[in-house]
Amino acid sequence: MAPERDSGRAERTPAGATAATRPRVRLDQPRPPRRRLLPEWDPEAFGRLSERIARFLGTGRFLVWMTAVIIMWVAWNSLAPRPLRFDEYPFIFLTLMLSLQASYAAPLILLAQNRQDDRDRVNLEQDRKQNERSIADTEYLTREVAALRIGLGEVATRDWIRSELQDVVKELDGRHNGHGVFPTATAERTPGRDIDDR
């Protein structure tokens, strides 16, 4: 009896106006792929192919091959026996083939240029971010150098130590000669100067 009650609970459907018409969707499972009428292709693969074709169309090799094909086409349809010719003198079929080639070449070249513009945009964005980081690093180093200069301004320099030692040597020479301490030397040295020099 107990298993029958549990199975009844598991198959319970939600109540409401739309509950009967709409199946319950499970959120813990991915949706099955929808069937499409149009064929699907990888846009990156198509873009790479278009770039290859556009790169080939911009080479001298393509111009040489196209010139050779046109010369052979015209020569065959002008010099071959009449039953073997497939395009008579106005060469309408040749014109159609060249216009078809041009109508496909132009969009392929534009697609390749758009992809190149996208790559350039990404590279410019990365360069801009790199420049911002470099500027921030330079500003940081400038502040550090300024702080070091301020810190070094409070440190005793070689000239200050030399002048202090010369004063001490003069004072010792004065004592050694028996004159005692020079009054002018002690009067010149003020406590404010000692504090500033440190």
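Which residues are buried in α2? In this predicted model, in which local features need pLDDT of at least 70 and side-chain atom pairs count only at pLDDT 80 or more, while totals for chains, interfaces and linings use all residues, the buried residues of α2 are G47, S50, E51, A54 and L57, where buried means under 20% relative accessible area and exposed over 50%, with partly exposed in between (1.4 Å probe, protein chains only). Residues are numbered from 1 along each chain as its sequence is written, and side-chain values use heavy atoms, with hydrogens and water left out.

**Overall fold**
- The protein chain holds seven helices and zero strands, and its pattern along the sequence reads α-α-α-α-α-α-α; helices (H or I, at least four residues) and strands (E, at least two) are DSSP runs, numbered from the N terminus.
- Of the 198 residues of the protein chain, 9% count as buried.
- Among contacts (heavy atoms within 4.5 Å) between residues at least 6 apart in sequence, 53% join residues at least 24 apart.

**Helix α2**
- Helix α2 covers residues 43–57, and its 15 residues should span 21 Å at 1.5 Å a residue, which agrees with end C-alpha atoms that are 21 Å apart; the expected span is 1.5 Å times one less than the number of residues.
- Seen down the axis of α2, the buried residues fall within an arc of 125 degrees, so they line one face of the helix; the arc is that of the directions from the helix axis to the C-beta atoms.
- On the other side of α2, R52 and R55 are exposed, whereas the buried residues pack against α3 (60–79) and α4 (92–153).
- S50, found in helix α2, counts as buried because its relative accessibility is 0%.
- Leaving aside residues up to four places away in sequence, S50 touches L108, L111 and A112.

**Second largest pocket**
- The second largest pocket holds about 160 Å³ of space, a pocket being, on a 1 Å grid over the protein atoms alone, an open set of points where a 1.4 Å probe fits, with protein on both sides within 12 Å along at least five of seven lines.
- Its lining residues, which have an atom within 4 Å of a point, are F62, W65, M66, V69, I70, W73, L94, M97, L98 and Q101.
- The elements that give two or more residues to this lining are α3 and α4, and α3 provides the largest share, six residues.
- The lining of the second largest pocket divides into nine nonpolar residues, one polar and no charged, with Ala, Val, Leu, Ile, Met, Phe, Trp, Tyr, Cys and Pro counted as nonpolar, Asp, Glu, Lys and Arg as charged, and the others, Gly among them, as polar.

Note on methods: Grid points are joined across faces, edges and corners, and a volume is the space filled by probe spheres set on the points.
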